Amino acid sequence: MNTPITTTSEDVIGFSTYVEKLDAAISNGGQMVALTSPFGAGKTSIVELLQERYLNDPQKRVIKVSMWSNLFPVSYTHLRAHETVLDL
């Protein structure tokens with residue numbers, strides 16, 4: 001099961017500690033943050049909790065960038081539409 005949590009009430013592991021540290025870094029002038037860790041370690045959960053924290057703060061927002069969605073920008077269906085078959 002690899003389902004990210006989205007609220008602090010679901011946080012039984014303690015991701016909120018990381019969210020507090022990220023919030024402190026951002027509040028102290030940090031403008032760009034990168035979360036890196038192995039697959040399934042909780043990056044999305046941390047981002048979701050940070051977004052929940054900033055829900056009512058118009059000065060702060062979370063912008064999510066997923067590299068997975070940009071790995072294959074051209075669909076195979078699109079490529080097949082332009083396919084040419086040559087009989088030699």
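Contact here means heavy atoms within 4.5 Å. With that in hand, take the chain as a whole: among contacts between residues at least 6 apart in sequence, 64% join residues at least 24 apart.

This is a predicted model, where local features need pLDDT of at least 70 and side-chain atom pairs count only at pLDDT 80 or more, while totals for chains, interfaces and linings use all residues. Residues are numbered from 1 along each chain as its sequence is written, and side-chain values use heavy atoms, with hydrogens and water left out.

**The overall layout**

The protein chain has three helices and zero strands, giving the pattern α-α-α when read along the sequence. Helices (H or I, at least four residues) and strands (E, at least two) are DSSP runs, numbered from the N terminus. Of the 88 residues in the chain, 16% are buried; buried means under 20% relative accessible area, exposed over 50%, and partly exposed in between (1.4 Å probe, protein chains only).

**H1 against H2**

Two packed helices are described by the angle between their axes and the distance between the axes. Helix H1 (residues 15–27) and helix H2 (residues 43–53) pack at about 60°, and their axes are 9 Å apart. Axes are lines fitted to C-alpha atoms, for helices over the stretch in contact, and angles run from 0 to 180 degrees between N-to-C directions. H1 and H2 are therefore oblique to each other: angles under 35 degrees count as roughly parallel, over 145 as roughly antiparallel, 65 to 115 as roughly perpendicular and the rest as oblique.

Who does the touching? On the H1 side it's Phe15, Ser16, Tyr18, Val19, Glu20, Leu22, Asp23 and Ile26, and on the H2 side Ser45, Ile46, Leu49, Leu50 and Arg53. By class, that contact has eight nonpolar, two polar and three charged residues. Ala, Val, Leu, Ile, Met, Phe, Trp, Tyr, Cys and Pro count as nonpolar, Asp, Glu, Lys and Arg as charged, and the others, Gly among them, as polar.

H2's buried residues are Ser45, Ile46, Glu48, Leu49 and Leu50, and the buried residues of H2 pack against H1.

| Residue | Where | Relative accessibility |
|---|---|---|
| Ile5 | segment before H1 | 14% |
| Asp23 | helix H1 | 13% |
| Glu48 | helix H2 | 18% |

Start with Asp23. Leaving aside neighbours within four places in sequence, Asp23 is in contact with Leu50, Arg53, Tyr54 and Lys60. With Lys60, the Asp23 side chain makes a side-chain polar contact at 3.1 Å. A polar contact is a pair of N or O atoms within 3.5 Å; within protein, one must be able to donate a hydrogen and the other to accept it, and residues adjacent in sequence count only if both atoms are side-chain atoms.

Next, Glu48. Not counting residues up to four places away in sequence, Glu48 touches Ile5, Thr6 and Lys64. Glu48 and Thr6 are 42 residues apart in sequence, yet 5.1 Å apart in space, C-alpha to C-alpha.

Then there's Ile5. With residues up to four places away in sequence set aside, Ile5 touches Glu10, Asp11, Phe15, Ser45, Glu48 and Leu49. Ile5 and Ile46 sit 41 residues apart in sequence and 8.2 Å apart in space, C-alpha to C-alpha.
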